[in-house]
Amino acid sequence: MKLDSYIYKHFDDLNQNDKLVISFILNNSKDVINMNINEVAQKCLVSPSAVFRLTRKIGLSGFNQLKFILAEDQDFVQTKAITDFVGDTKNAMEYTIHQFETTQMSGLYEKIDRAPNIYVYSTGWVQEIIANQLQRNFFLVGKNIYALPSAGSELDKVSHRVKNGDLLIIVSYSGEDKELIKTVKGISLRGISTIAFTPFNQNKLAAACEYSLNYNTISFPMPDREGDEVFFTGVYVLNDLLVMGYSNYVINK
């Protein structure tokens with residue numbers, strides 16, 4: 001069984017420190033296979049006993065079993081058949097739906113409803129496509145969204161136009177852009193609600209925003225190129241869930 005299956009099954013039992021350790025393990029799985037529990041704890045700034053308790057929380061016997069599963073997962077990734085993209089897509093959708101279901105949304109829907117203006121800023125080409133789709137979806141329920149260009153300084157240039165009561169959505173893949181986080185923090189200090197769309201991991205953008213909605217991506221090899229391509233299946237699902245949820249809120253308020 002892949003490690004993410006254990007995590008998904010016990011996700012509601014995890015605290016913020018657990019999620020930080022999980023994020024490190026998932027993002028450094030090849031290295032963790034060759035690390036001991038003390039080294040992992042040191043990297044995550046937690047105690048070795050905290051790492052051990054985490055392994056028990058997700059249904060494992062201990063750190064050695066976690067490393068064994070990581071090693072199996074690595075072998076699986078290297079040898080998996082092309083048909084696995086169906087299972088990966090299903091998992092990405094299920095994770096995103098689960099994250100959405102366990103997030104308290106009523107307060108966010110209310111702020112969307114009251115916001116005079118909603119802005120959405122994206123950090124890359126694919127994210128800009130997603131932002132445009134979000135703009136289109138909200139138009140269907142009577143909310144106008146201003147989709148800002150994904151140029152690096154664009155948000156900083158227009159941030160003074162965003163007023164108290166407005167809403168800012170940021171669609172990001174890494175969630176670690178220092179200048180972006182600085183701008184978002186400044187906007188938040190002026191009483192403007194912010195929403196981060198980021199993958200499931202601990203990132204500074206999600207921590208800086210009032211609301212954080214998570215999605216899962218899929219990494220998949222493509223012919224005639226080095227490295228994997230990232231597919232943003234989860235965020236399209238998240239877009240639809242957010243707009244349908246808001247529409248349901250408006251109908252029933």
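Okay, so let's start with helix α8, residues 106-114, and helix α13, residues 233-252: in this predicted model, their axes come within 10 Å and cross at roughly 80°. Anything from 65 to 115 degrees counts as roughly perpendicular, so that's what we call α8 relative to α13.

Who's touching whom here? On the α8 side you've got L108, Y109, E110, I112 and D113, and they meet L241, L242, G245, Y246, Y249 and V250 of α13. Sort that contact by class and you get eight nonpolar residues, one polar and two charged.

Now, α13 has another partner I'd like to show you. That's helix α9, residues 125-140, and again the axes come within 10 Å, with a crossing angle of roughly 20°. Angles under 35 degrees count as roughly parallel, so α9 and α13 go down as roughly parallel to each other. The crossing itself is right-handed.

What does α9 bring to this contact? I129, I130, Q133, L134, N137 and F138, and across from them, in α13, sit V235, Y236, N239, D240, L242, V243 and Y246.

Okay, zooming out to the whole chain. The domain assignment gives us domain 1, covering 2-80, and domain 2, covering 85-252. How far apart are their C-alpha centres? They lie 27 Å apart. Domain 1 puts 13 residues into the contact, and domain 2 puts in nine. Between the two domains, about 1000 Å² of area is buried, and carbon and sulfur atoms give 55% of that.

Conventions: Residues numbered from 1 in each chain as written. Predicted model: local features only at pLDDT ≥ 70, side-chain atom pairs only at ≥ 80, totals over all residues. Heavy atoms only, no water. Axes fitted to C-alpha atoms, helices over the stretch in contact; angles between N-to-C directions. Helix = DSSP H or I, 4+ residues; strand = E, 2+ residues; numbered from the N terminus. Parallel < 35°, antiparallel > 145°, perpendicular 65-115°, else oblique. Left-handed = near helix turned anticlockwise from the far one by under 90°. Contact = heavy atoms within 4.5 Å. Domains from an automatic or database assignment. Buried area = accessible area lost by both parts, 1.4 Å probe. Nonpolar A, V, L, I, M, F, W, Y, C, P; charged D, E, K, R; others polar.
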